[in-house]
Amino acid sequence: MTWRDAAAPWPRPLETDRSRVHDPDSVGVLVSGPAEAELSVVLFRGGWADVDFFDGFADAGCLPASDITSAAEFRTRLDQWVTHVFGPRAVSAPRTT
């Protein structure tokens, strides 16, 4: 995971230690899977995300990610992106709120 601090001077560095970020502007995650598949998601506090993927075979690109209004909606979208890249069995663990 990485975080970016909105109060940091430009260019804002990416931090891996959450305690170094006082005014979070974004959080990023990289999910790796079989066949070198990867999903990269950077969620910005403005309600959008940069979502890039490579399925490990031939499909790669960006996925739509705007108008995210809550943590629950982000969780739903993240599950959809994981399913898109890694298949429907990738999102099978029960969730708690």
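1. Nonpolar core. In this predicted model, the largest nonpolar core has 14 residues. Those with the most contacts inside it are Leu39, Val41, Ala49, Val51, Ile68, Phe74 and Trp81. Strand S4, strand S5 (48-54) and helix H1 each supply at least two residues of this core. H1 gives the largest share, 4 residues.

2. Ile68. Set aside its neighbours within four places in sequence, and Ile68 is in contact with Leu43, Gly47, Trp48, Ala49, Glu73, Phe74, Arg77 and Trp81. Ile68 is also on the list of core residues with the most contacts.

3. Aromatic pairs. The structure holds 2 of them. Phe44 and Trp48 are stacked, at 5.1 Å centre to centre with 15° between the planes. Phe44 counts as buried because its relative accessible area, 11%, is under the 20% cut-off. Trp48, at 40%, is partly exposed. The pair of Phe74 and Trp81 is edge-to-face: 6.2 Å centre to centre, 70° between the planes. Both Phe74 and Trp81 are buried.

4. Largest pocket. About 230 Å³ of space lies in it. The lining has 14 residues, and Val27, Leu43, Phe44, Arg45 and Phe74 lie nearest the centre. By class, 9 of the lining residues are nonpolar, 3 polar and 2 charged.

5. Where the lining comes from. Strand S3 (24-32), strand S4 (38-44) and helix H1 (71-86) each supply at least two residues of the pocket lining. S3 gives the most, with 4 residues. Phe74 is among the residues nearest the pocket centre, and Phe74 is also among the core residues with the most contacts.

Definitions and conventions:
Residues numbered from 1 in each chain as written. Predicted model: local features only at pLDDT ≥ 70, side-chain atom pairs only at ≥ 80, totals over all residues. Heavy atoms only, no water. 1 Å grid on protein atoms, 1.4 Å probe; cavity = no way out; pocket = protein on both sides within 12 Å on 5 of 7 lines; lining within 4 Å. Points joined across faces, edges and corners; volume = space filled by probe spheres on them. Nonpolar A, V, L, I, M, F, W, Y, C, P; charged D, E, K, R; others polar. Core = buried A, V, L, I, M, F, W, Y, C linked by side-chain atoms within 4.5 Å. Buried < 20%, exposed > 50% of the residue type's maximum accessible area, 1.4 Å probe, protein only. Contact = heavy atoms within 4.5 Å. Phe/Tyr/Trp six-rings, centres within 6.5 Å; stacked < 30°, edge-to-face > 60°.
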